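Please open the structure in your viewer and keep the sequence beside it.

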Amino acid sequence: MSLPSATSPSGTAAPAGRSWHVRQAIAGPVLALLPAFALVRVRMLTLKACGIRAGRATLFWGSPKLVGRGAVASRLKIGDFCGFNDGCEFDLRAPITIGNHVSVGHEVRFLTSQSADGVETAAPITVGDGAWLGARSKLLAGVNVGAGSVIGAGITVAADVPPNMLMTGGKPISLAKWR
């Protein structure tokens, strides 16, 4: 029994779950041979061949870790001119939408699922245009990061972040005051 393929908003068919995992199993060792910060266009073409939907001039420096069941590629949408550093992890049990001009630091984790009392739930994550995510930051299930916001290194985001905010600790700081 094969899984049905999902259709993206642009109308192109994303590969079915089983097909995605076969493509990922083949592409994984090939991408591992590439140095993390070299041949990034080849890495991006390989990821697109596996079904990742990313806009023009979006690059991955290093291979991302994609986790999930079924048609994983249909749940990740990345805008134009984004940059992802080495070691990013995407938990794709729910959709992740990343806007245009987003910069993502090393080892950032997008975690769409959470467990409470033995029950696993999943909620989508959305990152607005022009956001910056610092190294080793974590975005938890159901979080929306507003356009132009900056998340500091090592920060765990558990609640929505309004547009143009700086998160470096417990209290968000408005970036609008400095303009």
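**First stop: Glu107**

Begin by selecting Glu107, which is partly exposed, with a relative accessible area of 35%. The terms used here are as follows: buried means under 20% relative accessible area, exposed means over 50%, and partly exposed lies in between, with a 1.4 Å probe and protein chains only. Glu107 is found in the loop between strand 10 (103–104) and strand 11. The phi angle of Glu107 is near 55°, a positive value in a residue other than glycine.

Before moving on, please note that this is a predicted model, in which local features need pLDDT of at least 70 and side-chain atom pairs count only at pLDDT 80 or more, while totals for chains, interfaces and linings use all residues. Residues are numbered from 1 along each chain as its sequence is written, and side-chain values use heavy atoms, with hydrogens and water left out.

**Second stop: the whole protein**

Now display the entire protein as a cartoon. Its secondary structure comes to two helices and 21 strands. Helices (H or I, at least four residues) and strands (E, at least two) are DSSP runs, numbered from the N terminus. Of the 179 residues, 43% count as buried. The protein exposes about 9100 Å², and carbon and sulfur atoms supply 59% of this area; accessible areas come from the Shrake-Rupley method with a 1.4 Å probe, and for residues only the protein chains shown count as cover. Among contacts (heavy atoms within 4.5 Å) between residues at least 6 apart in sequence, 34% join residues at least 24 apart.

Two strands pair if DSSP finds at least two bridges between them.

Next, select residues 89–91 and residues 109–111, which are strand 8 and strand 11; they pair in the parallel sense over three bridges. Within this pairing, Phe90 has Phe110 of strand 11 as its bridge partner.

Show the side chains of Phe60 and Phe84. A search of the whole structure finds four aromatic pairs. Rings of Phe, Tyr and Trp (its six-membered ring) pair if their centres lie within 6.5 Å; planes under 30 degrees apart count as stacked, over 60 as edge-to-face and the rest as tilted. Phe60 and Phe84 form a stacked pair, at 4.5 Å centre to centre with 10° between the planes. Phe60 lies in strand 4 (residues 59–60) and Phe84 in strand 7 (residues 83–84), so this pair ties together parts that are 24 residues apart in sequence. Both Phe60 and Phe84 are buried.

Because Phe90 lies in strand 8 and Phe110 in strand 11, the pair ties together parts that are 20 residues apart in sequence. Phe90 is buried, with a relative accessible area of 0%, and Phe110 is likewise buried, at 0%.

Select residues 113–116 and residues 119–122. These are strand 12 and strand 13, which pair in the antiparallel sense over four bridges. Gln114 stands opposite Thr121 in strand 13. The two strands form a hairpin with two residues between them, and Asp117 in the turn has a positive phi of about 55°.

Another open sheet has five strands in the order 3-6-9-14-17, with parallel pairing. Its edge strands are strand 3 (53–54) and strand 17 (144–145), each pairing on one side only. Inspect strand 9 (residues 96–98) and strand 14 (residues 125–127), which pair in the parallel sense over three bridges. Here the bridge partner of Ile98 is Val127 in strand 14.

**Last stops: Ala57 and the cysteines**

Select Ala57, in the loop between strand 3 and strand 4. Its phi is near 60°, a positive value in a residue other than glycine, and Ala57 counts as partly exposed at 34% relative accessibility.

Finally, select Cys82 and Cys88. Cys82 is buried, with a relative accessible area of 3%, and Cys88 is buried at 1%. How many disulfides (pairs of cysteine sulfur atoms within 2.5 Å) does a search of the whole structure find? The search finds zero.

Conventions:
A disulfide is a pair of cysteine sulfur atoms within 2.5 Å.
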